[in-house]
Amino acid sequence: CNKGPWDFSLKLFEEMKERKIKPDTVSYNAALTACNKGGQWEYALQLLEEMKRNHIPPDKISYSVTLGACEDNGKYEESFRVLSEAIKRGFFDHSFKYYDASNQDALDLHGYTSGVSKALVRYCLKAKDNPSDFGLLRDAMKGRSNSLWIITGQGNHANKDGRRGVLKKEILSYVQDELKYPVVIQPDNRGHILVLCGRSSDKCSFSKNELIK
């Protein structure tokens, strides 16, 4: 990656530590954000682990930014581990919804970047295909139908480069073209995507020892 403001931010962060100034969660999140912008996914993972070693609690921003760094660089297994830990800590609970009338589960992606959204989508689709392996989502995903609603909204999300209205298009392409799941678009609710589960691809597959019960 070409160096830029993100590199300067990381240098400031390291200089702060060299001066024995103890970083807090906000400081780490700024450094993690710089890692995300600079494509430094390995360093992001190191900083997240460093936070935990130093008893500085990662928050939702910490996990989201690290998740984005991994996703944007195609590090899906690392992304899966970060997301599993974040879900275990309850940071994404509000994203999982249940439609009682139709007995269907839904994933609400409002407020998330493309990278975080893709990680959540992949995790939930794998959970629908293999519910016994995903104990963390047993309570959150109550629907018995073999489908998942993905709520993207109609295009008011901003991508990290400033472009707007890209999330639905990206998620639709991701689910259909990369993960190879069939989808249904509701003409009367264009902010929702109905995914028909039961199929998965390599990017949705993880070994048993990578699944958190």
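Buried means under 20% relative accessible area, exposed over 50% and partly exposed in between, with a 1.4 Å probe and protein chains only. The model is predicted, so local features need pLDDT of at least 70 and side-chain atom pairs count only at pLDDT 80 or more, while totals for chains, interfaces and linings use all residues. Residues are numbered from 1 along each chain as its sequence is written, and side-chain values use heavy atoms, with hydrogens and water left out.

Figure 1. We start with Cys 124, which is buried at a relative accessible area of 1%. Cys 197 is also buried, with a value of 8%. The structure holds 0 disulfides, a disulfide being a pair of cysteine sulfur atoms within 2.5 Å. For Cys 124, the nearest cysteine sulfur is that of Cys 197, 9.3 Å away.

**Figure 2. The whole chain, for orientation.** The protein chain has 7 helices and 5 strands; both are DSSP runs numbered from the N terminus, helices being H or I with at least four residues and strands E with at least two. Read from the N terminus, the order of elements is α-α-α-α-α-β-β-α-β-α-β-β. Of the 213 residues in the protein chain, 47% are buried. The accessible surface comes to about 11,000 Å², and 48% of that belongs to carbon and sulfur atoms; these areas come from the Shrake-Rupley method with a 1.4 Å probe, and for residues only the protein chains shown count as cover. Contact here means heavy atoms within 4.5 Å. Among contacts between residues at least 6 apart in sequence, 62% join residues at least 24 apart.

**Figure 3. Strand S5 and its two partners.** Here you can follow strand S5 (residues 192-196), which is largely enclosed by the rest of the structure because 4 of its 5 residues are buried. Two strands pair if DSSP finds at least two bridges between them. Strand S3 (residues 147-151) pairs with S5 in the antiparallel sense over 5 bridges, and Trp 149 has Leu 194 as its bridge partner in S5. Strand S4 (residues 183-185) also runs antiparallel to S5, joined to it by 3 bridges. In this second pairing, look for Val 183, whose bridge partner in S5 is Val 195. S4 and S5 form a hairpin, with 6 residues between them.

**Figure 4. The largest nonpolar core.** In soluble globular proteins, nonpolar side chains tend to be buried together. A nonpolar core is a set of buried Ala, Val, Leu, Ile, Met, Phe, Trp, Tyr and Cys residues joined through side-chain atoms within 4.5 Å. The largest one in this model has 47 residues, and Phe 92, Leu 109, Leu 120, Val 121 and Ile 150 touch the most other members. Helix H6 (residues 114-129) gives the most to this core, with 7 residues. Leaving aside residues up to four places away in sequence, Leu 120 touches Leu 83, Phe 92, Phe 96, Leu 107, Leu 109 and Tyr 112.

**Figure 5. Aromatic pairs.** The structure holds 3 aromatic pairs. Rings of Phe, Tyr and Trp (its six-membered ring) pair if their centres lie within 6.5 Å, and planes under 30 degrees apart count as stacked, over 60 as edge-to-face and the rest as tilted. Phe 80 and Tyr 123 are stacked, at 5.2 Å centre to centre with 25° between the planes. Since Phe 80 lies in helix H5 (residues 76-88) and Tyr 123 in helix H6, the pair ties together parts that are 43 residues apart in sequence. Both Phe 80 and Tyr 123 are buried. The pair of Phe 92 and Tyr 112 is tilted, because the ring centres are 5.6 Å apart and the planes lie at 55°. Phe 92 is buried with a relative accessible area of 0%, and Tyr 112 counts as buried at 8%.

Figure 6. Ser 117 counts as buried at 0% relative accessibility, as does Gly 115 at 6%. Residues up to four places away in sequence are again not counted: Ser 117 touches Leu 109, Tyr 112, Leu 167 and Ile 171, while Gly 115 touches Glu 71 and Asp 72. Gly 115 and Asp 72 are 43 residues apart in sequence, yet 6.0 Å apart in space, C-alpha to C-alpha.
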